[in-house]
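This report walks through selected local features of one protein model.

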Amino acid sequence: MLKIYKVTYKFYYDGVLENTEHDTLLLGEPMETEYSGTDFNSLWKLKLEHPWLVPWSRYERKKGKALGRWDALFCHVHEWKNDVKPWKVVITSKETA
């Protein structure tokens with residue numbers, strides 16, 4: 001049976017909570033998932049598959065790929081510099097009454 005859940009998505013970068021999103025979904029069971037990594041390709045792949053989980057814009061430049069904040073004029077993470085810090089996305093859900 002489907003129930004209404006409040007789903008929370010938290011994006012951490014270098015141990016700092018960067019973004020929190022909430023959604024209300026009909027689910028058959030609670031959703032508890034975690035994605036993490038320390039390399040650019042896994043973060044890029046997650047952004048491509050689930051765009052709402054990583055709150056940064058994607059850029060493809062001559063040098064390579066980059067990810068940047070929505071509210072900044074510069075990119076935060078560069079493929080060609082290999083400057084990715086540990087990141088994590090935590091998805092939790094709570095049944096609503």
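Ser-93 is buried, because its relative accessible area of 15% falls under the 20% cut-off. The model is predicted, and local features are taken only where pLDDT is at least 70. Ser-93 sits in strand β7, which covers residues 87-95. Its side chain reaches the backbone nitrogen of Met-31 at 2.7 Å. Beyond its neighbours within four places in sequence, Ser-93 is in contact with Tyr-5, Lys-6 and Val-7, and also with Pro-30, Met-31 and Glu-32.

**Aromatic pairs**

How many aromatic pairs does the structure hold? There are 3. One of them joins Phe-11 and Trp-56: the ring centres are 5.4 Å apart and the planes meet at 85°, so this pair is edge-to-face. Phe-11 belongs to strand β1 (residues 3-13) and Trp-56 to strand β4 (residues 56-60), so the pair ties together parts 45 residues apart in sequence. Both partners are buried. Phe-11 has a relative accessible area of 0%, and Trp-56 has 1%.

Phe-40 and Trp-44 form a pair of their own. Their ring centres lie 5.7 Å apart with planes at 25°, so the pair is stacked. The two residues share helix α1 (residues 40-49), where they are 4 residues apart, about one turn of the helix. Phe-40 is buried at 3% relative accessible area, and Trp-44 is buried at 5%.

Ring pairs also build a cluster, which links Phe-11, Tyr-13 and Trp-56.

His-78 lies in strand β6, residues 75-78. Is His-78 buried or exposed? His-78 is buried, with a relative accessible area of 11%. Leaving out residues up to four places away in sequence, His-78 touches Phe-40, Lys-65, Ala-66 and Asp-83.

Pro-51 is in the loop between α1 and β4. Its relative accessible area is 42%, so Pro-51 counts as partly exposed.

**Surface patch**

Which residues form a nonpolar patch on the surface? They are Leu-2, Ile-4 and Leu-26, with about 300 Å² of accessible area together. Leu-26 is part of strand β2, residues 16-27. Its relative accessible area is 56%, so Leu-26 is exposed.

**Positive phi angles**

Most residues other than glycine have a negative phi. Asp-14 has a positive one, near 55°. Asn-82 has a positive one too, near 50°. Where are these two residues placed? Asp-14 is in the loop between β1 and β2, and Asn-82 is in the loop between β6 and β7. Asp-14 is partly exposed at 43% relative accessibility, whereas Asn-82 is exposed at 59%.

**Accessibility by residue**

The table collects values for some of the residues above.

| Residue | Relative accessible area | Class |
|---|---|---|
| Phe-11 | 0% | buried |
| Trp-56 | 1% | buried |
| Phe-40 | 3% | buried |
| Trp-44 | 5% | buried |
| His-78 | 11% | buried |
| Ser-93 | 15% | buried |
| Pro-51 | 42% | partly exposed |
| Leu-26 | 56% | exposed |

Conventions. Residues numbered from 1 in each chain as written. Predicted model: local features only at pLDDT ≥ 70, side-chain atom pairs only at ≥ 80, totals over all residues. Heavy atoms only, no water. Patch = residues over 30% accessible without salt bridge, like charges linked within 9 Å, V, L, I, M, F, W, Y side chains within 5 Å. Areas by Shrake-Rupley, 256 points an atom, 1.4 Å probe, with all protein chains shown as cover. Salt bridge = Lys/Arg side-chain N within 4 Å of Asp/Glu carboxyl O. Buried < 20%, exposed > 50% of the residue type's maximum accessible area, 1.4 Å probe, protein only. Polar contact = N/O pair within 3.5 Å; in protein donor to acceptor, adjacent residues only side chain to side chain. Contact = heavy atoms within 4.5 Å. Phe/Tyr/Trp six-rings, centres within 6.5 Å; stacked < 30°, edge-to-face > 60°.
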